[in-house]
Amino acid sequence: MISRHSFRILAPLIALVSCLGTVSAQQVTGTLGAPGATSTISGKQLPPPDPAFGGVIKEKATESKPWWAPRVVPPKRAPNVLLIMTDDSGFGAPGTFGGVVPTPALDRIARSGVRYTNFHSTSLCSPTRAALITGRNHHVAGFGVVGEIATGFPGYDSVIRKENGTLGEILKGNGYATSWFGKNHNTPFYQATQAGPFDQWPNGMGFEYFYGFMGGDASQWQPNLYRNTTAIYPFEGNPGWNLTTAMADEAIQYMKGLKAVAPEKPFLVYYVPGGTHSPHHPTPEWIKKIGDMHLFDQGWNKVRETIFANQKRLGIMPPEAQLTPWPKELPQWDSLGFVEKKLFIKQADVFGAYLAYTDNEIGRVIQAVEDMGELDNTLIIYIAGDNGASPEGMLNGTPNEFTTFNGVPVPVDAQMLWYPFWGSDKTFPHFAAPWAWAMDTPFKWTKQVASHYGGTAQGVAMSWPGHITDAGGIRRQFH
């Protein structure tokens, strides 16, 4: 089934790329041969062949004529592209798709554009991301598995071959400014150091500017952070610094700087924050804000029923839809003791805070696009998750996700020692697996399971003023 996933959600991007390469006639500004001249290209070959010298060379400089090749630019009115994807969210987590956690930035794009309720990923981080940036099946793009467990076999070696190309390379070749902010889970693990080589880093895959972290996850308090290919440490001596906010600040600064220097140059911003992959690291302010809302106090079974009712009310699910059964392998909320419930509510509050915090910072980036006067000329795609919600916290959750990787369950009593610090830089936390099942409402299963929609279903909203005119519409086709 996964091999037939079409990613037709990217139809506007595909149409955009196609139009860049099928301009009916060459568009030239200025005088060809002058230093400031620009030109569109056919797009049949990227990078385009160097044009022949168009000047005159004679024995005397006074009899010769200089000539500069025109700078390649996109066709007039080519839009900016803001491509957003969050991490390990779950179809039923964001409020836009029935969840109990408010996600006003995602709501904004859904109101001004359309929502997609039947879009699917690969159920894992690296494969989905490789497919997204290449437009190809994830095995073709070298990511049949996540990069950390890559093998030396075709389709599973974590290498995006040059013939696959990326959105960054295509749009850069047509004159766009291209950038990547956030998670990079598509560089082979054995090349993810400052020794390189860098051809499989974002900068080597068509993205001219990179600000983010390498691998599947990172602390938001002390991440393994890079600007392009240089490790940076802005959190040192900076208490309260958090990558979720710093990344939004960086993207906003980048876009403003670009438009100040080259206002006519469109941008591709690929914006992929760490939220809500473990570790769940929101700020204390967001933990308090979500905790005070008591969104999860009734437990995972009731929260799941609430999400499903919201989905029917919003038209996300049809009125006759039935909720999939709760698996017998996961405990019912009413079977738990007081301490267990207290811990699990805290885990969910911190996850919800991380989701709301991540969406808030995405909202700042979107607002910056509007403040620059670019919103009406920007295609925004907001994908809520790269796979289903993650059960990798095991049955009880964990204050340190690396216990999961080593197959070590952490008893509830031991986890309570970390209760006051949950979500802080003293923890690397994840919630209990039943919460993941609830966040994937109404479907079965979770991240890692490609056979059921709980692993593959993602809520998506897309807006492009003047081009997507069915504001608030819903698209139910399989994508």
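Is S158 buried or exposed? At 1% relative accessibility, S158 counts as buried, where buried means under 20% relative accessible area, exposed over 50% and partly exposed in between, with a 1.4 Å probe and protein chains only. S158 has a phi near 65°, a positive value in a residue other than glycine, and is found in the loop between α3 (125-134) and α4 (167-173). Helices (H or I, at least four residues) and strands (E, at least two) are DSSP runs, numbered from the N terminus.

A word on the basis of these values: this is a predicted model, in which local features need pLDDT of at least 70, side-chain atom pairs count only at pLDDT 80 or more, and totals for chains, interfaces and linings use all residues. Residues are numbered from 1 along each chain as its sequence is written, and side-chain values use heavy atoms, with hydrogens and water left out.

Let us turn to helix α5. The 19 residues of α5 (residues 243-261) should span 27 Å at 1.5 Å a residue, and the end C-alpha atoms are 26 Å apart, which agrees; the expected span is 1.5 Å times one less than the number of residues. At the N-terminal end, N242 caps α5, with a side-chain oxygen 2.9 Å from the backbone nitrogen of T244. The buried residues of α5 include L243, M247, I252, Y254 and L258. Those buried residues pack against β4 (80-85), β6 (177-184), β7 (209-214), β8 (225-227), β10 (267-272) and α8 (338-371), contact being heavy atoms within 4.5 Å.

Strand β7 is mostly covered, as 6 of its 6 residues are buried. It pairs with β6 in the parallel sense over 6 bridges, and with β8 in the antiparallel sense over 3 bridges; two strands pair if DSSP finds at least two bridges between them. Y211 of β7 is the bridge partner of F181, and Y211 also stands opposite R227 in β8. In the loop between β6 and β7 lies P197, and a cis peptide bond with omega about 0° joins G196 and P197.

**Aromatic rings**

The model holds 26 aromatic pairs. Rings of Phe, Tyr and Trp (its six-membered ring) pair if their centres lie within 6.5 Å; planes under 30 degrees apart count as stacked, over 60 as edge-to-face and the rest as tilted. Here are two of the pairs:

| Pair | Centre to centre | Angle between planes | Type |
|---|---|---|---|
| F53 and W67 | 6.3 Å | 80° | edge-to-face |
| W437 and W445 | 5.4 Å | 50° | tilted |

F53 and W67 are 14 residues apart, both in the loop between β2 (38-39) and β3 (71-72). F53 counts as partly exposed at 46% relative accessibility.

In the other pair, W437 is buried, with a relative accessible area of 7%, whereas W445 counts as partly exposed at 40%. W445 has a positive phi, near 70°, in a residue other than glycine. W445 lies in the loop between α11 and α12. P442 lies in the loop between α11 (433-439) and α12 (453-456), and the peptide bond from T441 to P442 is cis, with omega near 10°.

Elsewhere, F296, W300, W333, F344 and W435 form one aromatic cluster.

Which residue has K342 over its face? K342 lies over Y419, 5.0 Å from the ring centre. K346 lies over the face of Y419 as well, at 5.2 Å. A charge sits over a ring if NZ of Lys or CZ of Arg is within 6 Å of the ring centre and within 35 degrees of the ring normal.

Notes: Polar contact = N/O pair within 3.5 Å; in protein donor to acceptor, adjacent residues only side chain to side chain.
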